[in-house]
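Good morning, colleagues. I would ask you to look at the sequence and the model on the screen while I take you through some of their features.

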Amino acid sequence: MRYVIIGGDAAGMSAAMQITRNKSENDEVITLERGNIYSYGQCGLPYVVSGTVESTEAVIARSIDFFREKAGIDARVFHEVTNVDVQNQIVSGTILDNGESFQVHYDRLLIATGVKPKKPEWEGNELDGIFTLKTIPDTENIMHYLRTTEASQATIIGGGFIGLELAENLIERGLHVRIIQRGSQLMNPLDEDMANLLLEEAKNHNIEVIFDESVEAFEGEGAVSAVRTDQGTYQTDIAFVNVGITPNTGFLPSSLHKGDRHEIITNSYMETNIANIYAAGDCATQYHLIKQKNDLVPLGTHANKQGMVAGLNMSGTRMPFPGIVGASILKFCGLDIGRTGISEKEARELGFDCTSVTKTSNPVANYYDETNWIKIKLIYENSTKRLLGGQVIGTKGVDKRLDVISTCLYQGLLTTDLLLLDLSYAPPFNSVWDPLQQTAKKTL
Ligand SMILES: Cc1cc2nc3c(=O)[nH]c(=O)nc-3n(C[C@H](O)[C@H](O)[C@H](O)COP(=O)(O)OP(=O)(O)OC[C@H]3O[C@@H](n4cnc5c(N)ncnc54)[C@H](O)[C@@H]3O)c2cc1C
């Protein structure tokens, strides 16, 4: 049996490692990666920009030699797949460092090609100094540009996850940072009342935030010197574009079923509609347990799990991936920000009859330490009190509360379950009524 995997990062290598544990002695595992780096944490890249993480090398989880020598995987680099012949079960493409073509027959194929950042067709796109942040080479190019131009002003287009992480790390490097956002709040997955806390935090750190303007062009001679929007022109030495992603699925045959955003549709066993072809990670769908439909939530946490599950199913152990609830967390300057499930805005758009409650409290006992705060918002269905989502922002203890809400969502628990849940208590960690339970009390 020959297992072929396209894409050598989170989903691809989780699958490959799982297959090596399950497979028979004569089975082969071949991974085809168009870059020359395997298995690294893109999540760490914004922190390389500030120097919090020492170098891009530090985010590499496992070397290619490890996969080849210790795991026995035929891990190929600079192999870009450009076609999948589903009738004959052959993938083909180009070896990028010598221009030669290659063909590989597969018995089972996994597509784990991830996503690429969107770069709209704005005038001046070709100028130097305009970046997206996705890969180690992107980060190296950014670092080189910052060093060689001594840039002091940065403009970030898009105030989502990566935009905010970049903003924090660029101010730590001493740059003046401006964020241009097309809508009227930062972090669209949050409700506006919670997102306003991020705006305050940005102001406290002299990050300029411009709302309701659409970028139209970059200006400059050779290198970017300004960003033009529909309402003004802003001088800048470097620009970052963080306006969304597209799955790397353009090379696949049209017979493979894809969703509206070009993500590959799979069932819970990570199988596609074509026999012997599986998909996992950012390029594939994730079933959202609260929305009760397929979604595209491109996060490392899902890519690793879906990859592992795909590897198990490909190599003969039947195990479903039940789905996600949409938990994500981010650090922005002095704040930790988490959200899970669906927002109030989304719940209403999806037709839920719902209510939300919000409470700000101390994450630990008041008498122990008065300096921290945590704000929690819970969204729940009126008829049943079933939790639909939660948002947590604060200076301490956000991750713990967020993960408790996620667990409740995963299990379909009610606000009254959360209220009475057996949570640990001692003054350095919370109050006798945990902040989550103080918030849940408001739903009685
Ligand atoms: C800056 C940044 C910060 C992030 N922070 C977080 C975080 O804090 N938490 C979190 O959960 N997630 C985070 N993520 C998301 C996380 O990194 C991704 O969800 C994860 O990497 C997805 O893994 P994947 O294997 O599906 O895709 P990828 O990691 O994108 O890997 C796909 C691989 O496929 C290769 N490939 C693509 N097309 C081809 C082809 N045709 N032929 C051969 N090879 C191909 C690519 O070169 C790539 O190596 C972050 C992402 C970025 C960019």
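I begin with Thr 132, which is buried at a relative accessible area of 16%; buried means under 20% relative accessible area, exposed over 50%, and partly exposed in between, with a 1.4 Å probe and protein chains only. Please bear in mind that this is a predicted model, in which local features need pLDDT of at least 70 and side-chain atom pairs count only at pLDDT 80 or more, while totals for chains, interfaces and linings use all residues. Residues are numbered from 1 along each chain as its sequence is written, and side-chain values use heavy atoms, with hydrogens and water left out.

Thr 132 sits in the loop between β9 (130–131) and α4 (136–149). Helices here are DSSP runs of H or I with at least four residues, strands are runs of E with at least two, and both are numbered from the N terminus. Setting aside residues up to four places away in sequence, Thr 132 touches Pro 117, Lys 118, Lys 119, Asp 138, Ile 142 and Val 241, where contact means heavy atoms within 4.5 Å.

Let us turn to the overall division. The protein chain is split into domain 1 (2–115 + 246–314), domain 2 (119–241) and domain 3 (338–443), with bounds that come from an automatic or database domain assignment. Between domain 2 and domain 3, the C-alpha centres are 32 Å apart. Their contact takes nine residues from domain 2 and 13 residues from domain 3.

How much area is buried between domain 2 and domain 3? The figure is about 910 Å², and carbon and sulfur atoms give 57% of it; buried area is the accessible area (1.4 Å probe) that two parts lose on being put together, summed over both. On the domain 2 side, Asp 191, Met 194 and Leu 197 lose the most area to domain 3, together 57% of what that side buries. Two salt bridges are found across this interface, a salt bridge being a side-chain nitrogen of Lys or Arg within 4 Å of a carboxyl oxygen of Asp or Glu.

Next comes helix α1. This helix covers residues 10–22, 13 residues in number, and reaches 19 Å from its first C-alpha to its last, close to the 18 Å expected at 1.5 Å a residue; the expected span is 1.5 Å times one less than the number of residues. Ten of the 13 residues of α1 are buried, so the helix is largely enclosed by the rest of the structure. Its cover includes β1 (2–6), β2 (28–32), α3 (64–70), β7 (108–111) and α7 (300–314).

Beyond its neighbours within four places in sequence, Ala 11 is in contact with Leu 110, Ala 112, Ala 280, Gly 281, Ala 303 and Gly 307. Ala 11 and Cys 283 are 272 residues apart in sequence, yet 9.6 Å apart in space, C-alpha to C-alpha.

Cys 283 is also touched by Thr 249, a residue in the loop between β17 (245–247) and β18 (277–279). Thr 249 is buried, with a relative accessible area of 1%.

Finally, how many disulfides does the structure hold? There are zero, a disulfide being a pair of cysteine sulfur atoms within 2.5 Å. Cys 354 is buried at 5% relative accessible area, and Cys 408 is buried at 1%.
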